[in-house]
Amino acid sequence: MSTAITSTPTGRPASSRSGGLKGLPGLRSTALRHLLLMALAYIGIVLLLQALDPFRASQLASVAYFIPAVAGLTVLTGLNGQISLGHGALMAVGAYTTAVLLERVEGLPFVVVVLAAVLVTSLVGLIVGAAAARLHGPYLAGATLALAVGVPGLAIYFEELLGGEQGLRVQPPQSPEWFEQLTGATSRTFLAYVGWALALVVLFLLSNLLNSRVGRQWRAVRDDEVAAQLAGIDLGRSRVVAFVVSAACAGVAGALYATVIRLAAPGSFTLVLSLSLLTAIVIGGLGSLLGAVIGSVLLVFLGPFLTDRGTGLGLSDIQSANVAPLVYGLVLVVLMLVAPRGLVGTVRLKLLQRQMSRQRATQRTGDQNAQAAGDQQQTPS
Amino acid sequence: MTRLLNLLLNGVTLGAVYAAFALCLVLIFRATRIINFAQGAQAMFTTYLAYQLVSNGQPYVVALVVALVSGFLLGAFVERVIVRPVESGPEINAVIVTLGLFVAIEALAAILFGNQFQSFPAPFGVDGLRVGGVDLALTGNDRYRIVAVLVAAGLLLALFRFTNLGLRLRAAAFGQEVARLLGVRVGRMLTLGWALAGLFGSLAGLLIAGGSLFSPSYMQGVVVFGFTAAVLGGLDSFGGAVVGGLVLGLTQSLVAGYVASSLVTMAALAILILVLLLRPGGLFSSSVARRV
């Protein structure tokens, strides 16, 4: 998922490293390469799920519902430059759509439910995005903050439909018989399989989108608005599209969340959820899909770990439940002060610097090598 | 009719507090072009400090002074240690830093003081006023809130208008380079601005908590309202912040009274979006055109 490698005008990766998958014939096509990667990843996950006990499997299912939301947010913030504190609220939209459909409509295939959740969340994203497209930085943060704080109130107001404070119970989809025969899994781990399939589909679509014209336009808009406009990019349109795509991802996440947790309630979609998503993208590195996966894994496994440490220190349950948000907040502050590029960004920068200094060294060693080294000088920016 | 009147009075009281909160956001934004999203959390924390004193039998005045002083110090600390390094960087970094602080302080308060709602005793009576046979819902506590905000805003205005220090603060906010050339210690002025904002925020937090329930997350809604009020006023106008605060207070009171209290934040969001789309500079902005 080396999505951040910039392309030369011909569309071929500018990186001089031609090893790995890119070296194989027929894998010059980015889409094919990503497809292969995702298939391999899914096989790995399936093997992992077979080996894990049900508790770990359910944790993996939680990673699966975070991934689409975090990936969507990292694309919006890291590549289009728009910050959103409202992605928890957008997840709530997806979760409630799922809950209502599963409750009111009998026998609807789960795929249809997810698509409906994506559709509804995208519509909300379109409305919010249209307003957000004109805002930047603190204004955008404030407006989406209001969204995050306000949306749970809607669930309480429409008590008839959305179940008020108690929320809606969600009947998760049953696993088909052939699936149980094939994997020997229970219906509980079934959700982990489904969730990871959906998460990888989202990652696949996003990684291709980022390598396409749309992704390049988003980066152009983020980096220099005037230059982007001169190049014929419609700023507002580009921003709205980015927001809708990001909201659609949050919709997938919400649908998965509702089925895994088996509940859609206002208490689940607090401001803290939105801010943990932000923490995940900052830790992983803004704009990196790999970073989004790492961030999601950390969110799921770091939370209980920190809560346990809290209990170990003799804190009460409520107190230890707050250790994780405390650490998330501190991590946000410290990372922004020390390593604003996040995990993946910092590692990439280090690799690039090493590569460049090595190139400079080869340049110095001999004039006969100068030409060859000169060809490699086009390092990705 | 009495109901409407009481809702309006309640709105003005709320509005006074929101105005105070909006003022401290404006104070910081003028100087550093940063919205301090942690302002509400800072105020919540100092309110808890005051509550500890009050529940241990100390008089309200002592608690008030402690809250204001700790708010002042906390504001200065936040600017000097945490925000200073990201002040000149991309604006998204500053946003993320203040948000991280917001989460961290809230969680810390929940660990130290517990997560449940607590009742802050009203410093003044909670009996309504009776004027000409009509019962008005303007309690002694409400009158105290309004007067406290007016006095504090007056003092702030006087500081900025009539003192040498105020002039230096304004100069540092107006143009850092020029101010520096004229011998203003700009760094110190920025710290002082954040400290004053912390003090003002503490006052707002204490006024909201007094006579009602509070918890580590009770300022979340206030941050939204204060931010909306500040944007309504153009983010760099003190007068605008006050008017914005009153508008927001009245909106909240009327929406809660006639529609539903769960929709109050969505109403604020609607106002915010409308203002940003129709008059991005706010209603009272001094600058003609600004990107929002």
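**Exercise 1. Determine how H3(B) packs against H8(B).**

Solution. H3(B) passes H8(B) in a right-handed crossing, the near helix being turned clockwise from the far one by less than a right angle. Helices here are DSSP runs (H or I, at least four residues) numbered from the N terminus. The model is predicted: local features need pLDDT of at least 70, side-chain atom pairs count only at pLDDT 80 or more, and totals for chains, interfaces and linings use all residues. Residues are numbered from 1 along each chain as its sequence is written, while chains are lettered from A and ligands numbered from 1 in the order in which they are written.

Next, the axes of H3(B) and H8 (residues 186-209) of chain B come within 7 Å and cross at roughly 140°; axes are lines fitted to C-alpha atoms over the stretch in contact, with angles from 0 to 180 degrees between N-to-C directions. H3(B) is therefore oblique to H8(B). Angles under 35 degrees count as roughly parallel, over 145 as roughly antiparallel, 65 to 115 as roughly perpendicular and the rest as oblique.

Finally, residues meeting across this pair include B:Leu64 and B:Gly71 of H3(B) and B:Trp194 and B:Gly198 of H8(B), contact requiring C-beta atoms, placed from the backbone, within 7 Å.

**Exercise 2. Describe the packing of H2(B) and H3(B).**

Solution. H2 (residues 39-55) and H3 (residues 60-83) of chain B pack at about 150°, with axes 8 Å apart. H2(B) is therefore roughly antiparallel to H3(B). The crossing of H2(B) past H3(B) is right-handed. Contributors include B:Ala43 and B:Leu53 from H2(B), and B:Tyr60 and B:Gly71 from H3(B).

**Exercise 3. Identify the parts of chain A that touch chain B.**

Solution. In the contact between the chains, 40 residues of chain A face 42 residues of chain B. On the chain A side, H5 (137-157), H12 (271-284), H14 (317-321) and H15 (323-338) each supply at least two residues. The largest share, 15 residues, comes from H5(A).

**Exercise 4. Locate A:Ala143 and A:Leu313.**

Solution. A:Ala143 and B:Ala19 touch the most other members of the largest nonpolar core, which has 225 residues; such a core is a set of buried Ala, Val, Leu, Ile, Met, Phe, Trp, Tyr and Cys residues joined through C-beta atoms within 7 Å. Beyond four places in sequence, A:Ala143 contacts residues including A:Leu135, B:Leu272 and B:Ile273.

A:Leu313 lies in the loop between H13 (289-312) and H14 of chain A. A:Leu313 counts as exposed because it has 10 C-beta neighbours inside 10 Å; buried residues have 20 or more, exposed ones 12 or fewer, and partly exposed ones a number in between.

Terms used. Contact = placed C-beta atoms within 7 Å.
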